[in-house]
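Biologist: Could we go through this structure together? I should like to understand its overall build before planning anything further.
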Amino acid sequence: MTKWKLKRKVCRGCHRRLPIAQYYKEQGAKTGYKARCKDCLRVSRRKRIRDTLNPLIAEHNADPSKNRIPPDCIPYSYKQCSACGRILPAKNDEYFPLTGPPTNRKLGTRCRNCRNAYMRQYRKLHALKQPDPIVEATLADNIGKSGYDSTGRPY
Ligand SMILES: [Zn+2]
Ligand SMILES: [Zn+2]
């Protein structure tokens with residue numbers, strides 16, 4: 001057996017004759033490398049996601065209560081919103097990052113939509129400043145007593 005080093009290889013996907021660095025290694029393969037080049041594998045992965053995963057996710061997100069994709073089947077690099085149940089890419093465009101070291105910043109559990117809705121609701125509740133019943137009763141009790149004004153507050 002002559003010892004030769006594979007320098008180039010024809011890709012089974014795109015039929016280009018590419019330098020061996022353009023292929024991923026594969027143990028057990030005759031050449032020691034994948035039959036298809038890195039570009040082809042990337043494209044087919046993207047195609048798989050586009051053709052198989054995206055319609056499934058769209059179907060799930062149309063009505064998350066049907067649990068078309070159960071929580072333990074959520075694909076890698078996706079994340080389910082804890083509020084609306086939609087499955088969205090685990091990216092900053094979809095989930096706000098929480099504080100933490102930039103290299104390991106976790107994403108919030110609610111999607112941006114739900115988080116924004118929650119914050120709007122939260123701000124509304126706090127802007128209303130619900131009157132405290134005990135304070136109100138004390139003030140009412142004070143009205144008319146000497147040293148208190150007409151709202152029940154001391155002079
Ligand atoms: Zn190729
Ligand atoms: Zn959500």
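Biologist: Which element do the buried residues of α1 pack against?
Modeller: They pack against β4, which covers residues 87–89. Please keep in mind that this is a predicted model.

Biologist: And which residues of α1 are buried?
Modeller: The buried residues of α1 are C40, I57 and H60.

Biologist: Where in α1 is there a kink?
Modeller: The kink lies at L53, shortly before the proline P55, and comes to about 40°.

Biologist: What end-to-end span should α1 have, and what does the model give?
Modeller: Helix α1 has 25 residues, 38–62, and at 1.5 Å a residue these should span 36 Å. The end C-alpha atoms of α1 are 34 Å apart, which agrees with that expectation.

Biologist: What about the span of α2?
Modeller: Helix α2 takes in residues 112–128, and its 17 residues should span 24 Å at 1.5 Å a residue.

Biologist: Stepping back, what is the order of elements along the protein chain?
Modeller: From the N terminus on, the order is β-β-α-β-β-β-β-α-α. That comes to 3 helices and 6 strands.

Biologist: How does the radius of gyration of the protein chain stand against that of a compact globule?
Modeller: The protein chain has 31 Å, whereas a compact globule of 155 residues would have a radius of gyration near 15 Å. Along the principal axes, the C-alpha atoms fill a box of roughly 110 × 35 × 25 Å.

Biologist: What share of the residues is buried overall?
Modeller: Buried residues make up 7% of the 155 residues in the protein chain. As for contacts with a separation of 6 or more, residues 24 or more positions apart account for 21% of them.

Biologist: Now the domains. Where are their bounds?
Modeller: Domain 1 runs over 8–62 and domain 2 over 65–130. Their C-alpha centres lie 32 Å apart.

Biologist: How many residues of each domain are in contact with the other?
Modeller: In domain 1 there are 6 such residues, and they are in contact with 5 residues of domain 2. The side of domain 1 that touches domain 2 divides into 3 nonpolar, 2 polar and 1 charged.

Note on methods:
Residues numbered from 1 in each chain as written. Chains lettered and ligands numbered in written order. Predicted model: local features only at pLDDT ≥ 70, side-chain atom pairs only at ≥ 80, totals over all residues. Helix = DSSP H or I, 4+ residues; strand = E, 2+ residues; numbered from the N terminus. Rg over C-alpha atoms; globule rule 2.2 N^0.38 Å. Buried ≥ 20, exposed ≤ 12 C-beta atoms within 10 Å, placed from the backbone. Contact = placed C-beta atoms within 7 Å. Domains from an automatic or database assignment. Nonpolar A, V, L, I, M, F, W, Y, C, P; charged D, E, K, R; others polar. Expected span 1.5 Å × (residues − 1). Bend = angle between axes of the 7 residues up to and from the residue.
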